[in-house]
Amino acid sequence: MRNLMVTGGAGFIGSNFVRYTLEKYPAYHVVVYDKLTYAGNMDNLKDVAERFAGRYAFVKGDICDAATVRKAIRKYDVDTIVNFAAESHVDRSIMAPDAFIKTDVYGTYVLLEAAREFELERYHQVSTDEVYGHVPEGASKESDPVAPRSPYAASKASADLLVNAYRVTYGLPVTITRGANNIGPYQYPEKVVPLFVTNALDDLPLPLYGDGLQVRDYHYVQDHCEAIDLVLRRGEIGGIYNVGTGAEMRNIEMTRLILK
């Protein structure tokens, strides 16, 4: 793998992964493919464009646009797709589920078709632990069935199943990672930690759900990027890998830490 196309690379996790990859691998070239919706921001990549001008390129495009996807793959001789592009907020998916189905499901299909047509070396799908649904005790294993409970989780679970189907049906070399709750630089402020931080700075209430006893695994975004890189280089084709710290925290504890 030398020429990576990172879809959704102007977003929170994607931009961190682009930076991580270019810093770690001097021989790699990265093309960011991003629609630049509300969560995608070119400022997230400003330093990347300056520091790695010879090894970085940007294409504005929708992953649902097959012609633009194929054009980018041809132009930059892409051999690997890492797909971060997704609508990714549970509350937003409840209000407007159609965007999630279009981007997360149909968009994934378009990318898989392109990966098959160009016989790419690897297709990697960045997924979420939300696909497992409610887990009252213990932790989810990769072999557990998916049981999504929101349109967002259902769209990501559908994409995961489609990715696996392309491996079984067409022999496409795919891998999947399912990450926990990311925190870190460039995160869009609708997510819980940056939202609570900015509300606290502005002396506004922190919208904690219920009693705050919901349990979450928060991991630093750079750790997540390192895990994706590890799976790309050493993961088994067709493998699904959960990514997290294993150190869970109740939301009320997270809220008190932020307030402190």
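D229 is buried, with a relative accessibility of 4% (buried means under 20% relative accessible area, exposed over 50%, and partly exposed in between, with a 1.4 Å probe and protein chains only). The model is predicted, so local features need pLDDT of at least 70 and side-chain atom pairs count only at pLDDT 80 or more, while totals for chains, interfaces and linings use all residues. Residues are numbered from 1 along each chain as its sequence is written, and side-chain values use heavy atoms, with hydrogens and water left out.

Ten salt bridges are present in the structure, a salt bridge being a side-chain nitrogen of Lys or Arg within 4 Å of a carboxyl oxygen of Asp or Glu. One of them joins D229 to K24, with 3.2 Å between the closest N and O atoms. This pair links distant parts of the chain, as D229 belongs to helix α8 (residues 221-234) and K24 to helix α1 (residues 12-24), 205 residues apart. Helices (H or I, at least four residues) and strands (E, at least two) are DSSP runs, numbered from the N terminus. K24 has a relative accessible area of 38% and is partly exposed.

D229 also forms a salt bridge with R233, where the closest N and O atoms are 3.3 Å apart. Both D229 and R233 are located in helix α8, at a spacing of four residues, or about one turn of the helix. R233 is partly exposed, at a relative accessible area of 39%.

A further salt bridge connects the side chains of K35 and D62, at 3.3 Å from N to O. K35 is in the loop between β2 (29-34) and α2 (46-51), and D62 is in the loop between β3 (56-60) and α3 (66-75); the pair therefore ties together parts that are 27 residues apart in sequence. K35 is partly exposed with a relative accessible area of 43%, and D62 is partly exposed at 23% relative accessibility. Salt bridges also link R19, E23, D47 and R51 in a network.

T177 is located in strand β6 (residues 174-179). The relative accessible area of T177 is 0%, so this residue is buried. The side chains of T177 and H124 are joined by a polar contact of 2.9 Å (a pair of N or O atoms within 3.5 Å; within protein, one must be able to donate a hydrogen and the other to accept it, and residues adjacent in sequence count only if both atoms are side-chain atoms). Leaving aside residues up to four places away in sequence, T177 touches H124, Q125, V126, S127, T128, I228, V231, Y241 and V243, contact meaning heavy atoms within 4.5 Å.
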